[in-house]
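Thanks for making the time this morning.

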Amino acid sequence: MELLELFITLFILQALCISPRSMQAAAQNSKLFREYIGAQFNNVKFSDVPINPDVEFHFILAFAIDYSSPSTSSNFPTNGKFNIFWDEQYLTPAHVSSIKSRHSNVKVGLSLGGATVGGKLVYFKPSSVDSWVSNAVTSLTKIIKQFHLDGIDVDYEQFSADPDSFTHCIGRLITTLKNNGVISYASIAPYDDDQAQSHYKALWRSYGHHIDYVNFQFYSYDTSTTVTQFLKYFEEQSSNYEGGKVLVSFLSHESGGLAPNKGFFTACERLKSQHKLHGIFVWCADDSLANGFPYEKKAQLLLASAS
């Protein structure tokens, strides 16, 4: 009898020792829809994008980059001193305030980095961890407060620093902005690339508990991707970012990964049936503008019925 009681006690203790990250990974659907906006400079506005009142909607301004101002003749890294590189003429602080006041389910954030600037690759290139973090906190706090923003997304895609430096720079930036009450959420946007994955996985191991969403760029996979392969990729990335809310994604111009007209929504329905649909994000509103946002509407309808 004593042996049985000991076994039961050990079982209970083991159950109580489940990590917060494992608990976070418990299967559950979400109504979160996110869309990048402003990178293509084609005059797209927040008000152009259809917003379903039954989803949680995040606009992500693309991009803020720690490179010299867009007005300069050449762009060069500025060690954490961020400048605005989105279509600021049509996506102003007043526009942010307006869309948030008209839609109580809308939040707006900004994305850091991106792939290119001025036709050249953007590199994460800190001079030192301390100086980069200090500059980034100061410059981003100013932009975030000026534009009434809610969060940040990290989308560096090329690196002139090792994973450890990236981890400490980005991790300290996120925790400082959160602790200062400047942002309420943070996400990362890794993709299928060995160098990028080494950096983002290192960041996740140390700071994953401070990162709210993983905007994995599933459209970085081949255009021949099938539904079965897509679901396999989702499981792989859910393992890489264990316990994270890994969002699925598509390109609105249908040129990468599992396209919305070739099975993406079938894959979403399967994830939804397994309570693993943590949200959907789209790149990008700029490309969708000319077509009237049909896939954004469909994605939000699907999410609105998630439970």
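By salt bridge I mean a side-chain nitrogen of Lys or Arg within 4 Å of a carboxyl oxygen of Asp or Glu. This is a predicted model, in which local features need pLDDT of at least 70 and side-chain atom pairs count only at pLDDT 80 or more, while totals for chains, interfaces and linings use all residues. Residues are numbered from 1 along each chain as its sequence is written, and side-chain values use heavy atoms, with hydrogens and water left out.

Searching the whole structure gives 6 salt bridges, among them one between Lys276 and Glu235, whose closest N and O atoms are 3.0 Å apart. Lys276 sits in the loop between helix H8 (264–273) and strand S13 (280–283), and Glu235 in helix H7 (residues 227–240), so this pair ties together parts 41 residues apart in sequence. Here helices (H or I, at least four residues) and strands (E, at least two) are DSSP runs, numbered from the N terminus. Lys276, at 25% relative accessibility, is partly exposed, a class lying between buried (under 20% relative accessible area) and exposed (over 50%), with a 1.4 Å probe and protein chains only; Glu235 is also partly exposed, at 37%.

A further salt bridge joins Arg172 and Asp130 at 2.8 Å, N to O, linking helix H5 (residues 163–179) to helix H4 across 42 residues.

As for H4 itself, its 19 residues (129–147) should span 27 Å at 1.5 Å a residue, and the end C-alpha atoms are 26 Å apart, which agrees; the expected span is 1.5 Å times one less than the number of residues. Its buried residues include Trp132, Val133 and Phe147, and just after H4, His148 takes a positive phi of about 60°.
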